[in-house]
Amino acid sequence: MGKTSDLTAVQKTIIDTLHKEGKTQKVIAKEAGCSQSSVSKHINRQAKGRKKCGRKKCTSSRDNHTLQRIVTTNPFKNVGEIHKEWTAAGVSASRTTTRRLMKDMGFRCRIPCVKPLLNMKQRKKRLAWAKDKKDWTDAEWSKVMFSDESKFCISFGNQGPRVWRKSGEAQNPRCMRSSVKFPPSVMVWGAMSSAGVGPLCFLRSRVNAAVYQEVLEHFMLPAADQLYGDADFTFQQDLAPAHSAKTTSTWFKDHGIPVLDWPANSPDLNPIENLWGIVKRRMQYARPNNAEELKTTIRAAWALITPEQCHRLIESMPRRITAVIEAKGAPTKY
């Protein structure tokens, strides 16, 4: 508490008031709740007319406002580009000053969230769908089997884990991540309900209507038996061409399986997307060397998903729908 910068505005006001009344520094310190040296420094500073010490700021409030406007207008520019545009406007400041002021303004460099791009027609359909389903109960959502495909790569790009290493260990194989130009990847189909997850299907070729119907026959139907037994259920799928093909619609009719109507471009409404995220996070520190090892890792992570996790995700459906309605059909945080 020896520094005057530690004093609050209230403490400074108390000190100034009691000092004018002729109180001793000891009494003032007791009343203000600070040390006597802090009182002495504040009084001496006021007497000398020194408001602040330190180097004078090289930018004005107008310059700072210009910087804030540049960052707000172009949030995807890096510090160098922002600094160049700011100095081009007539401001004399270093790149370090630019970074510091941006930090003082509350800006932080973060990985941007990825949301689907929706046109106005798609937003209206999402909003209408959400309003139609807003009164569905958890029991009704538990009768829905959600499905989706997801791509897994051996290399997950530059968003993987960081490494703790000492100086000179940059080239140590223990501290390096393998990188290939065209990393092996697999496309996976999966399904879930409030009761748990079904078996995974690793897709070997491009998914057309015929391939998709094979997936339904050999993986979706067993999943339905596993998760629902003889009970009725509704199947959910997105509007991918293979899913919405006429032959696929005929397959569902022939098997007597109702399909949930689904708005286009709406991964934020599908809880299985969260499951894919859980699986990929669990695989974050795995280091498969080929596609077969990658499949083994995916199966192991998928097997760890519990029915309780699935149940919680299904229970989030009313909140997802409320979020879509509040956003008027725009993408949500889910």
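Helices (H or I, at least four residues) and strands (E, at least two) are DSSP runs, numbered from the N terminus. This briefing applies them to a predicted model, in which local features need pLDDT of at least 70 and side-chain atom pairs count only at pLDDT 80 or more, while totals for chains, interfaces and linings use all residues. Residues are numbered from 1 along each chain as its sequence is written, and side-chain values use heavy atoms, with hydrogens and water left out.

**Strand β2 and its partners**

- Strand β2 spans residues 185-193 and is largely enclosed by the rest of the structure, because 7 of its 9 residues are buried (under 20% relative accessible area, with exposed over 50% and partly exposed in between; 1.4 Å probe, protein chains only).
- Strand β1 (residues 144-153) runs antiparallel to β2 and is joined to it by 8 bridges; two strands pair if DSSP finds at least two bridges between them.
- Strand β3 (residues 196-197) is joined to β2 by 2 bridges in antiparallel orientation, and V197 is the bridge partner of M192.
- A hairpin is formed by β2 and β3, with 2 residues between them.

**Helix α9**

- Helix α9 (residues 209-228) bends by about 35° at L216, the bend being the angle between axes fitted to the seven residues ending there and the seven starting there.
- The buried residues of α9 include Y212, L216, M220 and L227.
- At the start of α9, the backbone nitrogen of A210 has a side-chain oxygen of N208 within 3.2 Å.
- After α9 comes G229, which has a positive phi near 65°.

**Second largest pocket**

- The second largest pocket holds about 500 Å³ of space; a pocket is an open set of points on a 1 Å grid over the protein atoms alone, where a 1.4 Å probe fits, with protein on both sides within 12 Å along at least five of seven lines.
- Its lining comprises 16 residues, and P75, M102, R108, C109 and R110 lie nearest the centre; lining residues have an atom within 4 Å of a point.
- Helices α4 (61-73), α5 (79-88) and α6 (95-104) each give two or more residues to this lining, and α6 gives the most, with 3 residues.
- By class, the lining has 9 nonpolar, 2 polar and 5 charged residues, where Asp, Glu, Lys and Arg count as charged, Ala, Val, Leu, Ile, Met, Phe, Trp, Tyr, Cys and Pro as nonpolar, and the others, Gly among them, as polar.

How values were computed. A polar contact is a pair of N or O atoms within 3.5 Å; within protein, one must be able to donate a hydrogen and the other to accept it, and residues adjacent in sequence count only if both atoms are side-chain atoms. Grid points are joined across faces, edges and corners, and a volume is the space filled by probe spheres set on the points.
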